[in-house]
Amino acid sequence: MSALTELTLAAARDGLRNREFSATELAAAHIRAIEAARALNAFITETPQRALEMAAESDRRIAAGAARPLEGLPLAIKDLFCTHGILTTAGSHILYNFVPPYESTVSGNLWRAGAVLLGKTNLDEFAMGSSNVTSWFGPVVNPWTEPGSEQPLVPGGSSGGSAAAVAARLSLGAIGTDTGGSIRQPASLSGIVGMKPTYGRCSRFGIVAFASSLDQAGPLTRTVRDCAIMLQHMAGYDPNDSTCANVPMPDLEAALTGDVRGLRVGIPREYRLEGTPAEITQLWQDGVEWLQAAGCAMREISLPHTKYALPVYYIVNPAEASSNLARYDGMRYGLRVPGEDLIDTYAKTRAAGFGREVRRRVMIGTYVLSAGYYDAYYLKAQKVRTLIKRDFEQAFEEVDLVLTPATPTPAFRIGDKMDDPIAMWLNDVFTVTGNLAGLPGISVPAGLSAEGLPLGLQLIGRPFDEATVLRAAEVLERAADFTARPPDLRAGT
């Protein structure tokens, strides 16, 4: 592995500007790393030729003094973002051969800023999962392992391929989507930084839809600064997305001043869940002390409707999934399994094209939207969702940020919890509230479990106040001084 793959995104940006190496050399180093780490199954589609072509264009621009903000920086893209002329599968058999004729707004923003495409990363099918084991293309393997064990671990989901690629130094950064924690949870389990911006900060145009009122694109990186750099150029108003907010973006990198004195940070008592491992509770307390030492004022707060968050989420998300996935019928694109008539073709195509978890959520969603049950389930869930959002609005009258654990456990073994969907869904217990309320949240690697696996802390902020979230997150990052690496990378280069 080349030393170039060890650079942070910010360091690589500076190295390219100073002509210490070329964009082509940087891309080639990452291409070699990807080829050497295919056992992780982090990528569905590798695009080495496209990467080298884009890198060559970056070298020409740098030589001409016309470099763009992300010029020559190689990134990985979750295979939920449509990429013009490049296979986009959503991790599903039903889209195994779909090549979009257009580009998603977020990925297009990155290319216009000069970034280089390394490939499309693996994910839970249609982003439905917390472990990245539901993909039609097989599970992603976390580059972290338990000492003395050969059992592979999950990287978290659904953006597990993106998280594994960044953690294993296959990409300087990656983009994912977060519907109930699908950026923050894999970031925590993989020992990297992952951020879900405010709902509406990034356009959803060109993202294969899962749950439209919850989905939001965001970056996965190795540092908070890298996260700020990526988000700065991913976001922006898009008239193609009616939910995209026309709100100015501050200079996020400039916001990383390191000064958090006077910030009020809330500690929600409802997040102290029975059965939470002691090491998670201790890490949370460490986070409190780190922010206190930096000058923050810590306050206990109440978010009383938190206990309803998971039930609400698993009504709203399947309902929206059921509606969004109705378009996959074998008629217009993707898989088609011929039947005796139109209805039989629909049924056979969807049965063969959708995996078990997707079928489960479509069936739940169809049920809660059906006549006779809509009021009892879906409408009631939406009312409680409003109460969850109101809890945060009231809390943010007293505090500027909320600090919680990112996940209830470290990474678990591939295959565990597969027969218990409730246990699997509980992996998102600390993150779903941020999606239901549309708030920005970030996971920062902050410590190791007793088994030597990464654990993260989460910060949640006010709507469209990513700058404060990132500023405090960088302070946490410095205090935690997380320098641990996956086993195969510990020797360095």
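These legends describe close-up views of a predicted model. Local features need pLDDT of at least 70, side-chain atom pairs count only at pLDDT 80 or more, and totals for chains, interfaces and linings use all residues. Residues are numbered from 1 along each chain as its sequence is written, and side-chain values use heavy atoms, with hydrogens and water left out.

**View A. The largest pocket.** The space in this pocket is about 300 Å³. A pocket here is an open set of points on a 1 Å grid over the protein atoms alone, with protein on both sides within 12 Å along at least five of seven lines; lining residues have an atom within 4 Å of a point. The volume is the space filled by probe spheres set on the points, which are joined across faces, edges and corners. Of the 19 lining residues, Arg-169, Arg-222, Thr-223, Phe-482 and Thr-483 lie nearest the centre.

**View B. The second largest pocket.** Its volume is about 250 Å³. Ala-37, Leu-40, Pro-143, Ala-168 and Asp-488 are the closest to its centre among 17 lining residues.

View C. Arg-19, with phi near 60°, is exposed at 54% relative accessibility. Asn-41, with phi near 55°, is partly exposed at 21%. Buried means under 20% relative accessible area, exposed over 50%, and partly exposed in between (1.4 Å probe, protein chains only).

**View D. A cis peptide bond.** The bond from Gly-157 to Ser-158 is cis, with omega near 5°. Ser-158 sits in the loop between strand E3 (116-121) and helix H5 (160-167); helices (H or I, at least four residues) and strands (E, at least two) are DSSP runs, numbered from the N terminus.

Notes. On a 1 Å grid over the protein atoms alone, a cavity is a set of points where a 1.4 Å probe fits but cannot get out, and a pocket is an open set with protein on both sides within 12 Å along at least five of seven lines; lining residues have an atom within 4 Å of a point.
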